[in-house]
Amino acid sequence: MKNRNYVFNWQKNGRNSIVRNNTIHATDAKTATDCFMREFGNLKKNTINYIQEVDMGGNPIGEKIVTD
């Protein structure tokens with residue numbers, strides 16, 4: 001299977017949080033989200049603003065995955 005690049009735009013829950021972008025290489029968005037949670041903590045501690053698949057040059061592919 002081909003690995004894809006996913007950019008996570010996220011922030012820690014709480015006051016004065018810094019918005020961060022991290023790239024995770026995975027086969028699909030669910031696997032990338034699982035890797036994100038193992039590295040940075042679960043979704044009770046963090047808010048994911050959006051996930052964007054990008055190509056090797058950093059150009060967006062498709063639409064952003066936005067959480068509610």
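The structure is a predicted model, in which local features need pLDDT of at least 70 and side-chain atom pairs count only at pLDDT 80 or more, while totals for chains, interfaces and linings use all residues. Residues are numbered from 1 along each chain as its sequence is written, and side-chain values use heavy atoms, with hydrogens and water left out.

We can begin with the sheet. Helices (H or I, at least four residues) and strands (E, at least two) are taken as DSSP runs and numbered from the N terminus, and two strands are said to pair if DSSP finds at least two bridges between them. On these terms, 4 strands form an open sheet in the order β2-β1-β3-β4, and their pairing is antiparallel. The edges are taken by β2 and β4, each with a single partner strand, so one side of each has no neighbour in the sheet. On average, neighbouring strands are turned by 25 degrees against each other, direction ignored; axes here are lines fitted to C-alpha atoms, for helices over the stretch in contact, and angles run from 0 to 180 degrees between N-to-C directions.

Strand β1 (residues 4-12) is joined to strand β3 (residues 46-54) by 8 bridges, the two running antiparallel. Antiparallel β1 and β2 are linked by 7 bridges.

N16 sits in the loop between β1 and β2 (20-26). With 72% relative accessibility, N16 counts as exposed; buried means under 20% relative accessible area, exposed over 50%, and partly exposed in between (1.4 Å probe, protein chains only).

Turning to the helix, α1 lies across β1, β2, β3 and β4 and runs at about 45 degrees to β1, where contact means heavy atoms within 4.5 Å. D34 belongs to helix α1 (residues 29-40). Its relative accessibility of 28% makes D34 partly exposed. Between the C-alpha atoms of D34 and N59, which are 25 residues apart along the chain, the separation is 23 Å.
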